[in-house]
Amino acid sequence: MDMNTIEAVVRTTDPADWRDGDAWLAGGTVLFSYGSTAFGPEPLRRLLDLGSAGWQPVTVTEDDIELAATCTVAELYALPERLAAEDAGAAGWPAHQSWPGLDLVRPCCDSFVASFKVWNMSTVGGNLCTSLPAGPMISLCAGLDGTATLLGPGGSRRELPVADFITGDGQNALAPGELLRSISLPASALSSRVAFRRLSLSNLGRSGVLLIGRLDGGGRFTLTVTAATKRPVQLRFEELPGAQELAGGLGSAIPEGLYHDDIHGLPAWRRDMTHRLAGEILAELALPAGAPVTVSGDFWPPQTTQQTKRGA
């Protein structure tokens with residue numbers, strides 16, 4: 001879409017350059033789809049282009065994986081294979097193939113249901129800042145207890161959990177002029193066993209429900225609900241709950257008004273599917289690592305597969 005209100009494109013990564021009528025530009029897939037009047041009552045006048053930021057897309061350490069806000073979906077999608085290749089020739093730590101959380105990367109990227117052209121332009125940070133309920137990078141980063149680093153005018157810097165960064169449908173915690181710099185995914189979450197479930201009303205349609213479950217080495221269980229709700233919702237249990245306890249927890253954590261309502265799913269359907277997929281995740285993670293599990297979802301027909309051996 002032509003953005004005929006734009007008067008200038010400024011290459012900068014400095015929040016001090018921001019002024020009213022500006023928008024940060026990374027991949028631009030949303031900006032150029034919605035147009036310059038879709039993000040507020042006043043049209044955009046300038047784009048602050050992060051294209052020359054030069055930020056390392058992915059940085060891996062023993063403690064975490066840091067994703068630059070400008071990391072593209074294609075670069076993220078290649079990460080598990082790249083780490084596996086690096087680890088195959090390495091002795092000792094870091095053996096990143098022992099991080100089961102990496103198994104979430106590709107199904108979350110696939111949840112874009114997008115062309116390679118979009119994958120090579122869309123960015124992790126752009127998906128978070130657009131803050132749509134179905135944003136799959138939101139699902140991935142919230143599901144792995146990601147922490148967002150925000151830079152602001154005057155040199156301010158703050159961090160907050162991705163699950164708290166998204167505050168509603170198309171809404172987030174960014175203050176005027178603030179810039180999302182990066183997202184850190186901690187090793188403590190990456191080393192947990194994980195389970196992924198996604199449903200859509202149409203084959204290869206926008207996510208209507210997307211749930212991620214984690215079971216850490218101490219038996220603590222975390223369930224992250226996205227797409228079904230206007231913002232991410234997380235439930236944490238010190239041990240695997242029973243089915244009734246999990247259902248009760250979902251009922252308490254997600255009031256009826258928090259379920260999203262649009263053409264991709266009515267709230268009642270999203271609620272019912274959230275409870276169904278949460279039950280599947282609970283059943284999967286209750287099995288020993290490596291046991292056959294029944295996986296459902298609209299990327300594949302229901303089938304029995306082997307759980308990943310990672311973290312066994």
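Residues are termed buried when their relative accessible area is under 20%, exposed when it is over 50%, and partly exposed in between (1.4 Å probe, protein chains only). The structure is a predicted model, in which local features need pLDDT of at least 70 and side-chain atom pairs count only at pLDDT 80 or more, while totals for chains, interfaces and linings use all residues. Residues are numbered from 1 along each chain as its sequence is written, and side-chain values use heavy atoms, with hydrogens and water left out.

Helices (H or I, at least four residues) and strands (E, at least two) are DSSP runs, numbered from the N terminus. Two strands are taken to pair if DSSP finds at least two bridges between them. Strand β3 (residues 46–49) has pairing partners in both β1 and β2. With strand β1 (residues 8–11), β3 pairs in the parallel sense over four bridges, and Ala8 stands opposite Arg46 of β3. Strand β2 (residues 22–25) also runs parallel to β3 and is joined to it by four bridges, with Leu47 of β3 as the bridge partner of Ala23. In a regular strand the side chains alternate between the two faces of the sheet. Both faces of β3 are covered: Arg46 and Leu48 are buried on one side, and Leu47 and Asp49 are buried on the other.

An open sheet of four strands, paired in the antiparallel sense, has the order β11-β12-β13-β14. Its edge strands, β11 (193–199) and β14 (233–237), each pair on one side only. Angles run from 0 to 180 degrees between N-to-C directions, and axes are lines fitted to C-alpha atoms, for helices over the stretch in contact. Neighbouring strands of this sheet are turned by 10° against each other on average, direction ignored. Seven bridges link β11 to strand β12 (residues 209–215) in the antiparallel sense, and Phe196 has Ile212 of β12 as its bridge partner. Helix α7 (residues 136–143) packs on the sheet, where it touches β12, β13 (221–226) and β14, and its direction makes about 20° with that of β12. Helix α11 (residues 267–286) lies across β11, β12 and β13 and runs at about 150° to β11.

Helix α7 is largely enclosed by the rest of the structure, because eight of its eight residues are buried. These residues are Pro136, Met137, Ile138, Ser139, Leu140, Cys141, Ala142 and Gly143. Just after α7, Asp145 takes a positive phi of about 55°.

A nonpolar core is a set of buried Ala, Val, Leu, Ile, Met, Phe, Trp, Tyr and Cys residues joined through side-chain atoms within 4.5 Å. The largest such core has 48 residues, and those with the most contacts inside it are Ile65, Leu76, Val124 and Leu128. The largest share of this core, five residues, comes from α7. With contact defined as heavy atoms within 4.5 Å, and neighbours within four places in sequence left aside, Leu76 touches Leu67, Cys71, Val105, Cys109, Val124, Met137 and Leu140. Another core, of 23 residues, lies apart from the largest one and includes Val225, Phe237, Leu258 and Ile281.

Helix α11 has 20 residues and reaches 28 Å from its first C-alpha to its last. This is close to the 28 Å expected at 1.5 Å a residue, the expected span being 1.5 Å times one less than the number of residues. Among the buried residues of α11 are Met273, Leu277, Ala278, Ile281 and Leu282. Leu285 also lies in α11 and, at 2% relative accessibility, counts as buried. Although Leu285 and Ala195 are 90 residues apart along the chain, their C-alpha atoms are separated by 7.1 Å. Beyond its neighbours within four places in sequence, Leu285 is in contact with residues including Arg193, Val194, Ala195, Phe221 and Leu240.

A salt bridge is counted when a side-chain nitrogen of Lys or Arg is within 4 Å of a carboxyl oxygen of Asp or Glu, and the count comes to 14. Glu280 forms one with Arg197, with the closest N and O atoms 2.7 Å apart. Glu280 lies in helix α11 and Arg197 in strand β11, so the pair ties together parts that are 83 residues apart in sequence. Both Glu280 and Arg197 are buried. Arg270 and Asp262 meet in a salt bridge at 2.4 Å, N to O; Arg270 is buried, with a relative accessible area of 1%, whereas Asp262 is partly exposed at 25%. Salt bridges that share partners join Arg197, Arg276, Glu280 and Glu284 into one network.
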